[in-house]
Amino acid sequence: MAFSSKAVTGDTVPLNRSEHGYAAIEGLAGTMVQPYLMRFDAPVSEAQVRAVLRQLVSAYPKLRAALEPGLHRYHLRILPEGPLIDQMFELAFRVHTDVDLDDPEALQAWHWRALHEVLPLERGLGFRAHFAPHPQRPALIFGVPHLLADGMTMVEQVRQILRGLNGLPLEAMPLEAPSMLGSIAPERWWQWPRQVWRSRQHKVAEARRLAGLHVQQLPTALGEHYSTTGLRHHTVPTPVADLRRAARQLGVSLNTLLVSAIAQTFLAQAPGDPQAAAVIRISVNLRKFYPAASATSPGHGPLWGNHVGAFLVIEQDARKPWAERVRSVDAAIKEGQARYARREMCWTYLLEELMPCLGRTLVGHIGLKLKRAGRFPAISCHATSLGDVGGIHPREATGAKPVRVVQLVPLVNSISPLPVLVELDGVLSVPMAWQLGETPPAAVADFHARLDATLARLVQEVVGGVAVA
């Protein structure tokens, strides 16, 4: 059964199920613009940045998309180049000369304001850019609504911006609209009943297990209304080289090691509770689960859009040795990814495929009712990893000294605590977003401090061979 990407030949683009969801909650849970903060290692001028971003709008038509109501459901309409786009670009690109970029608190506060900027999706030009000049290390916040892009798309945008700043041509990206159903659909029609049944059985077993657990969370006072989002920058003091060495000795990936440390940090909150559990929702890139490209099926298409799924990692027992902890987490991550590969995630996503049929109003209403009733599933956090993003720097950069990004802080609004794992130049950052009206900043600072201590202890025990209490 082929679910190929749909090449868009006109000026309208259909929304997939995830994008319909973002269209419904935009405004309810706060603006869903993803502001990526990047700090450059060399001076760049306002004119340079402005010119590159204007080229990006031309090269990437979806940046010119407006959310438009159709007869029965919403879609995107690509606005044509011309004076209207020029006018909106002047509003989208802003220069800030009053930000002290050398003050980490001022930098974080500037980023926090950008996180809450409202972008009218129905009007078009789906991005915001804030540039702050500096004699050595200028900064740019580039934000695109989650409806138009996921994390991989955003990293690709940063890569294109760096190409432009280094005098290289931007790589145009064609419009495609792959249905997300292609990433979970069984290969043959007769496999549907079996795969849906297996998917349903897994969800039932998972719910049964979660029902008896005490999910460890940040100090949280649930409210009936969505609040502003907290934002905290954080750099892990332990070098990535040491963490990677520990991962190799334990026989797991760096990502598995980090998820294990996050789980341990939550479990340490209740060391004497046998029912305590760390429940971490893990993002998964669905692109690799689409049908392979062929002459009749172009596959999953380019990086544009939202193609993200998720599964849960459930960990218990704060006293587990590190070797046992990482093996358990590694097995859970591999099984979660294998269920996608085996096409055993049908049940959950088939229900979500109904979202476009329910309509934007009803989906938003359901989300609001769930919030007021406190019915969203209890998790410890939603961890998402961008991995090593060193590939954003073009190898063929021109000039004596290429412009590089030395700090990248990716974030987005979230109703659950959202730590983002990102590595750049041997440094690990774990910025976090969360509902500020439910959890105080001091609690997030405390979590970051305990995570740092957990990672330092892990390296000391595994690499140094020292048993630390």
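Reply: Happy to. Strands here are DSSP runs of E with at least two residues, numbered from the N terminus. With that in hand, strand β15 covers residues 427-429, and Ser 429 lies in it. Please keep in mind that this is a predicted model.

Let's stay with Ser 429 for a moment. Buried means under 20% relative accessible area, and Ser 429 has 15% relative accessibility, so it counts as buried. What does Ser 429 touch, once its neighbours within four places in sequence are left aside? Its contacts are His 234 and Thr 235, together with Val 420, Leu 421 and Val 422.

You will find Arg 64 in the loop between α2 and β3, the latter being residues 65-69. Is Arg 64 buried or exposed? Its relative accessibility is 8%, so Arg 64 counts as buried too. Not counting residues up to four places away in sequence, Arg 64 touches Val 57 and Ser 58, the run of Arg 77, Ile 78, Leu 79, Pro 80 and Glu 81, and also Ile 85 and Leu 125. For a sense of distance, take Leu 222: Arg 64 is 158 residues from Leu 222 in sequence, and their C-alpha atoms are 37 Å apart in space.

Helix α2, on one side of that loop, takes in residues 46-59. Its 14 residues reach 20 Å from first C-alpha to last, close to the 20 Å expected at 1.5 Å a residue. The buried residues of α2 are Val 49, Val 52, Leu 53, Arg 54, Leu 56, Val 57 and Ala 59. They pack against two helices, α3 (83-92) and α5 (151-165), and against the strands β5 (93-95), β6 (128-132) and β7 (139-145).

Now for the whole chain. The protein chain holds 13 helices and 16 strands. Its radius of gyration is 22 Å, close to the 23 Å that the globule rule gives for 469 residues, so the chain is as compact as a globular protein of that length. Along the principal axes, the C-alpha trace spans about 65 × 60 × 45 Å. Buried residues make up 53% of the 469. Of the contacts between residues at least 6 apart in sequence, 78% join residues at least 24 apart.

Conventions:
Residues numbered from 1 in each chain as written. Predicted model: local features only at pLDDT ≥ 70, side-chain atom pairs only at ≥ 80, totals over all residues. Heavy atoms only, no water. Helix = DSSP H or I, 4+ residues; strand = E, 2+ residues; numbered from the N terminus. Rg over C-alpha atoms; globule rule 2.2 N^0.38 Å. Buried < 20%, exposed > 50% of the residue type's maximum accessible area, 1.4 Å probe, protein only. Contact = heavy atoms within 4.5 Å. Expected span 1.5 Å × (residues − 1).
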